[in-house]
Amino acid sequence: MIQSDKGADPPGTDVKCSTASRPENGLSQILRLVLQELNLFYSRDVNGLCLLYNLLHSPWLQALLKVYDCLQEFKEKQLAPASSHAQALCYEVVEILHATSSSPEIQELRQILQAPHFQALLSAHDTVAQKDFEPLLPPLPDNIPESEEAMRIVCLVKNQQPLGATIKRHEMTGDILVARIIHGGLAERSGLLYAGDKLVEVNGVSVEGLDPEQVIHILAMSRGTIMFKVVPVSDPPVNSQKMVYVRAMTEYWPQEDPTIPCMDAGLPFQKGDILQIVDQNDALWWQARKISDLGSCAGLIPSNHLLKRKQREFWWSQPYQPDTHLKSTILTSMEEEDDMKIDEKCVEADEETFESEELSEDKEEFVGYGQKFFIAGFRRSLRLCRRKSHLSQLRAGVRCASSCSSSLGAPYEEVVRYQRRPSDSHRLIVLVGPSGVGVNELRRQLIELNPNHFQSAVPHTTRSKKSYEMDGREYHYVSKETFESLMYNHRMLEYGEYKGHFYGTSVDAVRAVLEEGKVCVMDLEPQDIQVARTHELKPYIIFIKPSNMSCMKRSRKNAKIITDYFVDMKFKDEDLQEMEDLAQKMETQFGQFFDHVIINDNLQDACAQLLSAVQKAQEEPQWVPATWVSSGTES
Ligand SMILES: Nc1ncnc2c1ncn2[C@@H]1O[C@H](COP(=O)(O)OP(=O)(O)OP(=O)(O)O)[C@@H](O)[C@H]1O
């Protein structure tokens, strides 16, 4: 019907002319005319017209046709620069403006024209307009014999960047083959070289009979353009793997690995680095980038399987040391040292320092007393009691096992970006740091900022309740049997023994805070982090680190260290040194778990950083183990 009606176009309207060359007569114009005509039929109530009328009137169809018109118009336009010397023109204009009497508008225009980003834009424009592209590729040799039909000539311009390919010698034939093409490197971007291609010549030099090292030497000596003659691999590999992101749970230094196929192509990484794995085709060597440097070309890293094997070999090559992990080397020796120190401090303290037994215990346990208000969960750090308990021996054993297994555990942990939804529970905030660094101080300050939003978990104890205490406020008071059952059923995130009583924080106590819609903030010993790393709690681990010795001496001038004998002592140099050493060891051994690091120098700054980190943890996407997101299983 519309076709037959086309003949009824009003005179003077050329609907058959090119829609592209005359935009005013484009498709949307045609549509307008059709609608005008349909209008006539519509008023006569012709069947089905109403439907068609609505369809043609629909805004989306109108918009679509407009887009089509624009594209058609653009397609037929030959874009040419108005000037290929825009930058020179700009200088001229600036000169003229200088000579002109100055007004605010002229000054502003001069500033805009002279601004570096504007100059850079004009320079880029002129480069494109003049087609001034460097470097120029040399012409292909024209005397290629017919017998070399299966060959490919590849010219690459090196431009001070590595080629991004490795070579090897075929064990049987002795041929020099391209072993792998590095993602993002020059060779890959050219799309002309593939793993498996056989090298015949490099810059006109035959590689027959040469060692890979000799070929590499020729390549290294080459500047500018390199010409390869290759026999292409019959079946070029296709990388159809999806990108995987992992957290490095160990460190890797290619320079120290004699087994890496090409040391220069290796990607060094440290514990905790997030890596984007772009190629897992090789069972032994993967290709990866650091997410902090995604623009760079990929590097070689050992595959999961290979790195595990390396870890095992390294482990067995070490002389037997019964206590090589953090807790035993540092804390066991600290246990003895501390006992000595505490004795010294005890001798140093005068008698007036000792108060009545009950008051002393309160003071010892609750740092929160004497503050603006009482905050549950602020019994003094368990770190002191852990050092002196028989439980610590047991825990040391458990920790040794877990520490050993973690050093031999999966070297990469698959991670994904996780953004907490408003309906999800808050992530548990865990503060970790060497004793005395200010973990409790920062935790308390954070909670005091907004006690309705931030809260500690109420710990459990086996000691009896005092007259002024309330069950569930200072502690959950439980029997020794109940405590042990929680412990052995892995319901305690941390625990310790002090003066014959057990103390600890349970998963349920944390859950209770989270279920109230609050953010639970707790401190943990680094070796307890693994226990808290579950799908349910999704802990965000913040490492509180001491600053350097001179800064610490200044900032801790009036601070008090809390000792086992509840004598608040000033920090001595050796306390600060011990803190620094311990922080370093914690970072070396557990750095892979730290989501954020805060240097606690100026307390106010550190507290502001803590608040910002905690908000980011709850509101912004973060890397978390893939198992926390993809399934309901705990890891
Ligand atoms: N940035 C800082 N500047 C000055 N003093 C600080 C700073 N951070 C903490 N302090 C003080 O240092 C002392 C020890 O801090 P805190 O009790 O928080 O340490 P901790 O890391 O919890 O160690 P522990 O668990 O062994 O008690 C406290 O007196 C605290 O007020």
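Reader: In which helix is the place of Leu31?

Author: Leu31 sits in helix 2, which covers residues 27–43. The model is a predicted one.

Reader: Why is Leu31 called partly exposed?

Author: Leu31 has 16 C-beta neighbours inside 10 Å. A residue is buried with 20 or more such neighbours and exposed with 12 or fewer. The count of 16 falls in between, so Leu31 is partly exposed.

Reader: Which residues does Leu31 touch, not counting those up to four places away in sequence?

Author: Leu31 touches Leu56, Gln62 and Leu65. Leu31 and Leu65 stand 34 residues apart in sequence, with 8.7 Å between their C-alpha atoms.

Reader: What makes Arg247 count as buried or exposed?

Author: Arg247 has 20 other C-beta atoms within 10 Å. Buried requires 20 or more, so Arg247 is buried. Arg247 belongs to strand 7, residues 244–248.

Reader: Which residues is Arg247 in contact with, leaving aside its neighbours within four places in sequence?

Author: Its contacts are Gly272, Ile274, Glu413, Val415, Gln592 and Trp623. As for Pro625, 378 residues separate Arg247 from it in sequence, while the C-alpha atoms of the two are 8.2 Å apart.

Reader: Why is Lys499 called exposed?

Author: Lys499 has 11 C-beta neighbours inside 10 Å. The limit for an exposed residue is 12 or fewer, so Lys499 is exposed. Its place is the loop between strand 16 (492–498) and strand 17 (501–506). The phi angle of Lys499 is near 45°, a positive value in a residue other than glycine.

Reader: What is phi of Asn203, and where is the place of that residue?

Author: Phi of Asn203 is near 50°, again a positive value in a residue other than glycine. Asn203 lies in the loop between strand 4 (198–202) and strand 5 (205–206). With 13 other C-beta atoms within 10 Å, Asn203 is partly exposed, because 13 lies between the limits of 12 and 20.

Reader: How do you know that strand 16 and strand 17 pair?

Author: Pairing needs at least two bridges between two strands. Strand 16 and strand 17 have six bridges, in the antiparallel sense, so they count as paired.

Reader: What is the order of the open sheet of four strands?

Author: The order is 15-14-17-16, and the pairing is mixed. Strand 15 (476–477) and strand 16 are the edge strands, as each pairs on one side only. Helix 17, residues 507–515, lies across strand 15, strand 16 and strand 17, at about 40° to strand 17.

Reader: What makes strand 13 and strand 22 edge strands?

Author: They belong to an open sheet of five strands, in the order 13-18-12-19-22, with parallel pairing. Strand 13 (454–455) and strand 22 (596–599) each have a single partner strand, so one side of each has no neighbour in the sheet.

Reader: How many bridges join strand 19 to strand 22?

Author: Four bridges join them, and the two strands run parallel. The requirement is at least two bridges, so strand 19 and strand 22 are paired. Opposite Lys545 stands Ile599 in strand 22.

Reader: Which strands does helix 21 lie across?

Author: Helix 21 lies across strand 12 (429–432), strand 18 (519–523), strand 19 and strand 22, and runs at about 170° to strand 22. Its axis also comes within 10 Å of the axis of helix 15 (residues 439–449), and the two cross at roughly 65°. This crossing of helix 15 and helix 21 is right-handed.

Reader: Which residues of helix 15 and helix 21 make the contact?

Author: Helix 15 contributes Glu441, Leu442, Gln445, Leu446 and Leu449, and helix 21 contributes Leu603, Ala606, Cys607, Leu610, Leu611 and Val614. These residues divide into nine nonpolar, one polar and one charged.

Reader: How many residues has the largest nonpolar core?

Author: That core has 53 residues, and Ile429 is among those with the most contacts inside it. Helix 20 (residues 573–590) provides the largest share, six residues. Ile429 touches residues including Val519, Tyr540 and Val614.

Notes: Residues numbered from 1 in each chain as written. Predicted model: local features only at pLDDT ≥ 70, side-chain atom pairs only at ≥ 80, totals over all residues. Axes fitted to C-alpha atoms, helices over the stretch in contact; angles between N-to-C directions. Left-handed = near helix turned anticlockwise from the far one by under 90°. Contact = placed C-beta atoms within 7 Å. Nonpolar A, V, L, I, M, F, W, Y, C, P; charged D, E, K, R; others polar. Core = buried A, V, L, I, M, F, W, Y, C linked by C-beta atoms within 7 Å.
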